[in-house]
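Work through the exercises below with the model open beside you. Try each task before reading its solution.

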Amino acid sequence: LLNNPYIIGTPVKGEDFIGRDDILRYITDELLAGTKQCPPIVLYGHRRMGKTSILKNLSARLKSTSIRVVDFNMQIVGHISSTNELLYALARQIERAIQRPDILPKIAINRTIFIEQNPYHAFNNFFQRLESALECAHCNYRFVIAVDEFEKIEEKIISQQLSEDLLEFLRGLTQTYSWFSIIFAGLHTIEEM
């Protein structure tokens with residue numbers, strides 16, 4: 001009997017990550033490594049194919065770069081009931097990924113503004129302040145939002161918990177801010193959504 005190197009169940013990291021290194025290498029070395037803006041990336045396929053494991057191994061693979069991977073698993077973040085809450089949660093995850101005290105005070109996130117006002121304006125304002133803070137600190141961080149189980153977004157759009165404009169807004173961010181990219185991983189293609 002041959003030893004099966006694949007692990008079924010929870011996503012794997014490090015040495016246990018076997019079988020999808022070619023995809024991980026393509027994402028990190030070809031798409032994200034350059035100085036040009038990275039297009040949105042979609043990883044899709046059946047369950048247990050390694051999509052989440054790829055996302056979980058991105059940070060380690062990019063550790064020596066200025067790219068910060070922001071884990072945004074919709075199964076965990078999924079307990080939200082509005083676009084306001086979703087964009088606030090995303091801003092908080094980006095804030096956690098910064099790890100620079102000289103930048104953080106300049107981009108303090110006010111939950112009330114996100115919840116009580118237009119979430120798109122609040123998030124774009126957050127991005128504008130983040131961009132200014134990064135420039136002032138001479139910091140060349142780039143952020144990659146790894147959205148796992150992105151079909152949960154579709155479910156919440158259908159149930160009218162999230163605005164239909166959300167995906168278009170996220171796409172607009174990737175076109176506006178060269179330091180921002182997004183990776184969707186899930187069971188569908190964006191075209192199907």
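Predicted model: local features only at pLDDT ≥ 70, side-chain atom pairs only at ≥ 80, totals over all residues.

**Exercise 1.** Classify C136 and C139 as buried or exposed.

*Solution.* Now take C139, at 11% relative accessibility. Buried means under 20%, so C139 counts as buried.

**Exercise 2.** State how many disulfides the structure holds.

*Solution.* Recall the bond first: a disulfide joins the sulfur atoms of two cysteines covalently. Then give the count: the structure holds zero disulfides.

**Exercise 3.** Describe the largest nonpolar core and find which element gives the most to it.

*Solution.* Begin with the size: this core has 45 residues. I94, F123, F126, L130 and F143 have the most contacts inside it. Next, look at the suppliers. Elements that each give at least two residues include β2 (67-73), α6 (119-136) and β3 (142-148). The most comes from α4, with nine residues.

Now zoom in on F123. Leaving out residues up to four places away in sequence, F123 touches L87, L90, A91, I94, F114, F169 and L173. A second, separate core has 17 residues, among them L24, I27, I67 and V69.

**Exercise 4.** Find what share of the chain is buried.

*Solution.* The chain has 193 residues, and 47% of them are buried.

Key. Residues numbered from 1 in each chain as written. Heavy atoms only, no water. Core = buried A, V, L, I, M, F, W, Y, C linked by side-chain atoms within 4.5 Å. Buried < 20%, exposed > 50% of the residue type's maximum accessible area, 1.4 Å probe, protein only. Helix = DSSP H or I, 4+ residues; strand = E, 2+ residues; numbered from the N terminus. Contact = heavy atoms within 4.5 Å. Disulfide = S-S within 2.5 Å.
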